[in-house]
Amino acid sequence: MSRTLRALRAAVLAVALPCVLVAVWWFASAASTSFYAPPLRTILGRFDDTWTAERLQDDVLPSVLRLLAGYAVAGVVGVALGVVIGSSRRARAACEPALEFLRAVPPPVLVPVIMLFAGIGDTMKIAVIASGCVWPVLLNTTAGVRSVDRVAAETARSYGIGGAARLRHLVLPAASPQIFAGLRQALSIGVILMVISEMYASSSGLGFAVVEFQRSFAVPEMWTGILVLGLLGVVLALLFRLVERRALGWYHGSRGARRKAGGGGA
């Protein structure tokens with residue numbers, strides 16, 4: 001099968017299920033008279049009037065900036081701590097009990113506590129996002145560093161490669177597939193925490209807008225906010241996939257070569 005046909009097939013499969021779900025929602029809600037579950041045509045009819053350029057600038061843009069800031073902090077902290085803990089058996093033994101305790105605390109529970117120290121501004125929201133996103137990055141990085149090939153590690157040691165050079169050329173490349181797996185998990189967590197953080201004492205953001213619509217009984221507008229959140233998640237996932245494909249091109253290429261070799265051998 002040619003590359004063009006594979007790309008076309010993947011595109012059709014990607015849009016098939018969303019189209020089916022939208023069609024089911026459209027026809028299932030067409031005769032709805034419920035105030036809380038209006039027909040999809042009513043929701044879509046309010047979309048353009050609700051999400052104007054001004055509202056996108058006032059609510060969507062601040063949310064995205066907070067998400068990216070918290071996500072970046074979690075990525076840097078998670079990778080740095082993961083490398084340290086994964087490289088040292090003593091560090092793992094010392095940190096594991098505390099990490100298990102902190103990981104078990106749901107980030108939304110920490111919102112009131114973080115508000116006491118960081119106030120109700122953007123710092124609080126970024127801290128909430130970072131506090132939840134850091135764990136999948138940290139744990140996956142630790143696992144990736146621990147799984148570095150022993151033969152490659154011994155070879156690097158025998159050639160006197162250590163310190164920053166070993167980290168850059170051996171540890172991080174070997175752990176990068178699992179690091180990106182943690183970053184992918186953290187992205188979805190970040191979107192959830194972005195909305196939750198904006199529901200507390202906020203004056204802007206997608207979470208704030210959805211709550212305001214709900215409080216003013218603007219139910220179709222509330223549903224449009226939920227759709228915007230879903231679309232934002234789709235866009236972020238596609239962008240992450242592009243970055244991952246570019247950063248891990250060598251990894252996906254080697255996996256494809258192994259599959260071809262295995263198929264040829266069979």
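Student: Does Leu-99 count as buried or exposed, and at what relative accessibility?

Tutor: Happy to start there, keeping in mind that this is a predicted model. Leu-99 sits in helix α5, which covers residues 89-103. The cut-off for buried is under 20% relative accessible area. Leu-99 therefore counts as buried, at a relative accessibility of 18%.

Student: Which residues is Leu-99 in contact with, leaving aside its neighbours within four places in sequence?

Tutor: Let's stay with α5, the helix that holds Leu-99. Arg-89 is ten residues from Leu-99 in sequence, and their C-alpha atoms are 15 Å apart. With neighbours within four places left aside, the contacts of Leu-99 are Ile-85, Trp-135 and Leu-138.

Student: What is the secondary structure of the protein chain, read along the sequence?

Tutor: Good one for getting oriented. The protein chain has twelve helices and zero strands. Its C-alpha trace spans about 75 × 55 × 30 Å along the principal axes. Read along the sequence, the pattern is α-α-α-α-α-α-α-α-α-α-α-α.

Student: What percentage of the contacts between residues at least 6 apart in sequence join residues at least 24 apart?

Tutor: Here we look at the protein chain as a whole, where buried residues make up 35% of the 266 residues. Among contacts between residues at least 6 apart in sequence, the share that joins residues at least 24 apart is 76%.

Student: Which residues is Trp-51 in contact with, beyond its neighbours within four places in sequence?

Tutor: Trp-51 is one of the core residues that touch the most other members. Leaving aside neighbours within four places, its contacts are Leu-56, Asp-59, Val-60, Leu-206, Ala-209, Phe-213, Thr-224, Gly-225 and Val-228.

Student: Is α9 parallel or oblique to α10?

Tutor: Two packed helices are described by the angle between their axes and the distance between the axes. The α9 and α10 axes come within 7 Å and cross at roughly 55 degrees. That angle makes α9, relative to α10, oblique.

Student: Which residues of α9 and α10 meet, and what classes do they belong to?

Tutor: The crossing of α9 past α10 is right-handed. On the α9 side are Met-194, Val-195 and Glu-198, and they meet Leu-206, Gly-207 and Phe-208 of α10. By class, this contact has four nonpolar, one polar and one charged residues.

Student: How many nonpolar, polar and charged residues are in the contact of α6 with α7?

Tutor: The axes of α6 and α7 are 9 Å apart, at an angle of about 135 degrees. This makes α6 oblique to α7, and their crossing is right-handed. Val-111, Ile-114, Met-115 and Ala-118 of α6 meet Thr-123, Met-124, Ala-127, Val-128 and Ser-131 of α7. By class, the contact has seven nonpolar, two polar and no charged residues.

Student: What is the phi of Phe-217?

Tutor: Most residues other than glycine have a negative phi. Phe-217 lies in the loop between α10 and α11, and at 56% relative accessibility it counts as exposed. Although Phe-217 is not a glycine, its phi is positive, at about 60 degrees.

How values were computed. Residues are numbered from 1 along each chain as its sequence is written. This is a predicted model: local features need pLDDT of at least 70, side-chain atom pairs count only at pLDDT 80 or more; totals for chains, interfaces and linings use all residues. Side-chain values use heavy atoms; hydrogens and water are left out. A nonpolar core is a set of buried Ala, Val, Leu, Ile, Met, Phe, Trp, Tyr and Cys residues joined through side-chain atoms within 4.5 Å. Buried means under 20% relative accessible area, exposed over 50%, partly exposed in between (1.4 Å probe, protein chains only). Contact means heavy atoms within 4.5 Å. Axes are lines fitted to C-alpha atoms, for helices over the stretch in contact, and angles run from 0 to 180 degrees between N-to-C directions. Helices (H or I, at least four residues) and strands (E, at least two) are DSSP runs, numbered from the N terminus. Angles under 35 degrees count as roughly parallel, over 145 as roughly antiparallel, 65 to 115 as roughly perpendicular and the rest as oblique. A crossing is left-handed if the near helix is turned anticlockwise from the far one by less than a right angle, and right-handed if clockwise. Ala, Val, Leu, Ile, Met, Phe, Trp, Tyr, Cys and Pro count as nonpolar, Asp, Glu, Lys and Arg as charged, and the others, Gly among them, as polar.
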